[in-house]
Amino acid sequence: MRTDRAAMTGRLAAAAVTAALLAGACSSGSGGGAGGTTTEPSRRAADPSPWETTAPAAVGLDAGKLARVAAQAEKGKSDCLAVVRHGRLAGEWNFGGDRDTRRPVWSVTKSFTSVLVGIAQDDGVLSLDDKAAKWIGEWKGTPAEAVTVRDLLSNDSGREWTFKTDYQELLAAQDRTKFAIGLRQQHEPGTVWAYNNSAIQTLQRVLREATGKDVSQYAEERIFVPLGMEDTTMSPDGAGNTQTFMGMNSTCRDLARFGQMMLDKGTWRGRRIVSADYVEAATGRSSTKLNAAYGYLWWLNRRGVVRGPVAATDLGGARSSAAARGQLVPGAPRRLYWALGLGNQLIQVDPVSKTVVVRIGATEPRPKPPTFGPAEAARVVTEAVVR
C-alpha cells in the first residue's frame, strides 16, 4: 500500500538525522574534526580530471524546472547542490561559501565504508560471507562469532543496540572501535534490523586487519586519489581509529565523483574502482527482508517494509517500531538509491536516467521545513528529466 509521502519522509528523515546528529555530536572533541565547515588546505594543486560542464537542455534536463529545484535547495538551508547527467555537470549552486569548502557529511561516510569493503572483497582479502571474528579475536568462542561481514553491512547483525549505547556511550568512548567490539551479542544475526553505529564501527577493525592498512589510507589510495576527490577526508576517533560510521568531510563536487563512479557500475572514467557485481549487490536489491529500504550501507527506494534509524528499530525498549509498508520516497523510481547523513546530506543515484544529485547543507537534528532531502532531490528525476 502507498504511504503518505510527507508522513513517511518526515518519519524517516527525523529518525535519520537524530541518529546522525547524536553520532556526530562529539566527533570534533575526540579527534573527529567533523564538527563544522573547514577551509584547511586541500590536496588539490589542480583538478586532474575536471568535470565537463553543460547546459541542462544538452543532457535532457528542463532548465526552468531544475532552477526551481535549486531554489528549493537554497530555501532548504543547503550549502551546495550539484546535478550530473550522463557524466556531465549540468547544474551547480554554492549558497554558503565556495565550491572547495569542506563540510561534514556525517553518515554518508557509511556508504564509503561499504565500497571499501567491496574493494577489499575484490582484492581477495575478505568475503562478505566471512565471519567477522576472523579479524575480531574478541568475538571468537562467543555468540558474536556467528556475525558475518554481510550482517554488519546489512544492519541485521544482532549486535547490542540501545539508544544509550549507540548515541551516548559510543560517543563518549575514546576508542570507539574497542567499545563497539566489547558490546554483547543481543540477538541472533538476521533476526532484527537496527541502524547500529557501533556495529558499523567494528568494520574498522575488519578492514584494517584484512587489508593491513589504516582505513583512511586505504580510502585515500583506492577511492579519493583515483577519483580526484582532493577535498575529502575521513576522521579518527580519540584513539586514532578511522571512523567508519561517520566523520567524513567533503564537497558537493567530490561527492558527485563518488556518485558517478557508482552510477558507472564501479568505474571512474575507464578505471575500475570496485566491481560491478558489488555495486549491484550493495544497491540493486534489499539486503534483508527486514528492511526493503536498505542495501549494504546504502538507502534504497524499493517497496516493502521500510524502517529508518532509531525510532524505527525492531528492538523495542527505548524506542518503538515505526515500520511501515511503502517506499522511502513514494512515487519516485524504485531504482533510486542514496547515501544519507545528518541534516539531509545526500548523494542520490538513478541508474535509469543516469543522473546524480548531491546536496550538502545545514546540520539539523530534525530538519524543519523548508528543507531539502531525498523527496526534494528526487524531483530532479521525476520533474526535471524530460528526455
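Let's say two residues are in contact when they have heavy atoms within 4.5 Å of each other. In this predicted model, Thr113, Leu116, Val117 and Ala120 of helix α3 meet Leu203, Leu207 and Thr211 of helix α8. Sorted by class, that contact has five nonpolar, two polar and no charged residues (Ala, Val, Leu, Ile, Met, Phe, Trp, Tyr, Cys and Pro are nonpolar, Asp, Glu, Lys and Arg charged, and the others, Gly among them, polar).

How are α3 and α8 angled? Helix α3 (residues 108-123) and helix α8 (residues 203-211) pack at about 30°, with their axes 11 Å apart. The two helices are therefore roughly parallel, a label for angles under 35 degrees.

Now for the charges. Side chains of opposite charge can pair when their charged atoms come close. A salt bridge here is a side-chain nitrogen of Lys or Arg within 4 Å of a carboxyl oxygen of Asp or Glu, and the count comes to 13.

One of them joins arginine 103 to aspartate 79, with the closest N and O atoms 3.3 Å apart. Arginine 103 sits in strand β3 and aspartate 79 in strand β1, so the pair ties together parts 24 residues apart in sequence. Both residues are buried (under 20% relative accessible area, with exposed meaning over 50% and partly exposed in between, using a 1.4 Å probe and protein chains only).

Helix α8 comes back in another pair: its arginine 205 bridges to glutamate 138 at 3.0 Å, and glutamate 138 lies in the loop between α3 and α4, 67 residues away. Arginine 205 counts as buried at 16% relative accessibility, while glutamate 138, at 46%, counts as partly exposed.

Residues are numbered from 1 along each chain. Local features need pLDDT of at least 70, side-chain atom pairs count only at pLDDT 80 or more, and side-chain values use heavy atoms, without hydrogens and water.

Methods: Axes fitted to C-alpha atoms, helices over the stretch in contact; angles between N-to-C directions. Helix = DSSP H or I, 4+ residues; strand = E, 2+ residues; numbered from the N terminus. Parallel < 35°, antiparallel > 145°, perpendicular 65-115°, else oblique.
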